[in-house]
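Hi,

Here is the structure I promised to pass on. Have a look at it first, and my notes follow below.

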Amino acid sequence: MKTVRVKVPATIGNLGPGFDVLGMALKLYTVVEISIDKLTKKNNTQLAIEDKDGSVPKDKKNIIWLAAKEVFENHGKYPGKCIIKSSNKIPIARGLGSSAAARVGGIMAANELCGGKLSKQQILNIASKLEGHPDNAAPAILGGVCISSVYGDEARAVQLSRRLLDLKVALCVPDFEVSTEKARRVFPARIARRDACMSLRNFSLSCIAYRQGDYKLLGESVKDYLHQPYRKKLVPGMERVFKSAVTAGAYGAVLSGSGPTIAALCPDNKVVCDRVGRAMVRASGKYSKKTMYKIVGVDGKGAEIVKPRR
Ligand code: HSE
């Protein structure tokens with residue numbers, strides 16, 4: 001059997017005013033390992049799935065397998081046997097890009113096992129198609145803060161900033177899940193011109209903040225007008241948590257992806273980060289009993305192939 005192991009970061013989709021466009025990679029990872037025997041033209045792979053926390057489907061509905069299968073199909077050859085192992089530190093269905101990480105891991109591992117012919121661009125195209133939006137897949141693949149979009153079948157991604165050393169993120173992770181599918185059904189068909197303008201302003205300023213490392217700009221620009229106002233009913237206490245984070249010293253706070261995790265963008269100072277984390281947990285206490293907080297840095301490398309464990 002031949003084995004490939006890939007380490008993929010969690011991501012914050014949207015980053016406030018960048019709905020479906022802006023995203024940030026975090027130093028919080030999922031590791032996907034795929035082992036296969038010989039590749040042949042026969043499309044009847046025998047699949048075995050082992051994951052450490054036991055929470056993912058073990059059949060051909062598994063999203064790592066479905067992502068890997070896209071690559072095998074593309075290559076025109078399939079393994080007779082395929083063993084998928086995953087170990088995931090990214091909370092599932094909490095808006096931290098766990099599905100993008102799993103898919104990117106599956107695509108990259110399968111690509112390597114097929115001879116590594118796909119470029120990062122092709123990997124991004126497949127991952128964005130499977131995800132339905134590119135804002136988690138792009139930073140998961142490239143690292144840092146990325147702007148991304150899809151034009152027809154082609155995804156485009158630009159890395160705005162890679163080394164955000166003096167920025168830390170305090171994550172407030174509630175004990176309930178929000179399905180992205182459901183959270184994409186809450187939007188009105190039209191939005192007011194005023195909201196569109198405010199959104200353009202804040203998106204542009206946020207990009208400048210990340211590009212120039214001028215995080216104080218985030219205080220003004222992190223506010224969103226396109227998705228958060230409609231999703232707050234799915235994340236009770238959202239605005240209270242935002243306020244508590246800023247009062248405790250964060251530059252600003254956003255709903256991570258479609259939630260329910262709230263990400264506070266903080267200076268690189270452990271005392272401040274812990275204060276922000278505790279304040280957010282307190283503020284969300286009425287709505288979620290087992291909320292926890294986590295302080296993480298920004299990942300600047302994106303997904304990478306690592307040595308398989310012996
Ligand atoms: N941009 C996507 C959304 C991210 O907000 O629906 C989901 O993680």
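How many bridges join S10 to strand S11, and which way do the two run? There are four, and the strands run antiparallel. S11 covers residues 262-267, and its alanine 264 sits opposite alanine 253. Bear in mind that this is a predicted model.

Zooming out, the pair belongs to an open sheet of four strands, ordered S10-S11-S9-S12 with antiparallel pairing. S10 (252-255) and S12 (292-297) are the edge strands; each has a single partner, so one side of each is left without a neighbour in the sheet. On average, neighbouring strands here are turned by 25° against each other, ignoring direction.

Now the helices. H9 (residues 238-247) packs on this sheet and touches S9 (167-173), S10 and S11. The direction of H9 makes about 155° with that of S10.

H10 (residues 270-284) is worth a look too. At its start, a side-chain oxygen of asparagine 269 comes to within 2.9 Å of the backbone nitrogen of valine 271. The length of H10 checks out as well: at 1.5 Å a residue, its 15 residues should span 21 Å, and the end C-alpha atoms are 21 Å apart, which agrees.

As for what H10 hides, its buried residues are Val272, Cys273, Asp274, Val276, Gly277, Ala279, Met280, Ala283 and Ser284. An α-helix has 3.6 residues a turn, so residues three or four places apart point the same way. The buried residues of H10 pack against S9, S11 and S12, and against H9.

Cheers

Terms used
Residues numbered from 1 in each chain as written. Predicted model: local features only at pLDDT ≥ 70, side-chain atom pairs only at ≥ 80, totals over all residues. Heavy atoms only, no water. Pairing = 2+ DSSP bridges. Axes fitted to C-alpha atoms, helices over the stretch in contact; angles between N-to-C directions. Contact = heavy atoms within 4.5 Å. Expected span 1.5 Å × (residues − 1). Buried < 20%, exposed > 50% of the residue type's maximum accessible area, 1.4 Å probe, protein only. Polar contact = N/O pair within 3.5 Å; in protein donor to acceptor, adjacent residues only side chain to side chain.
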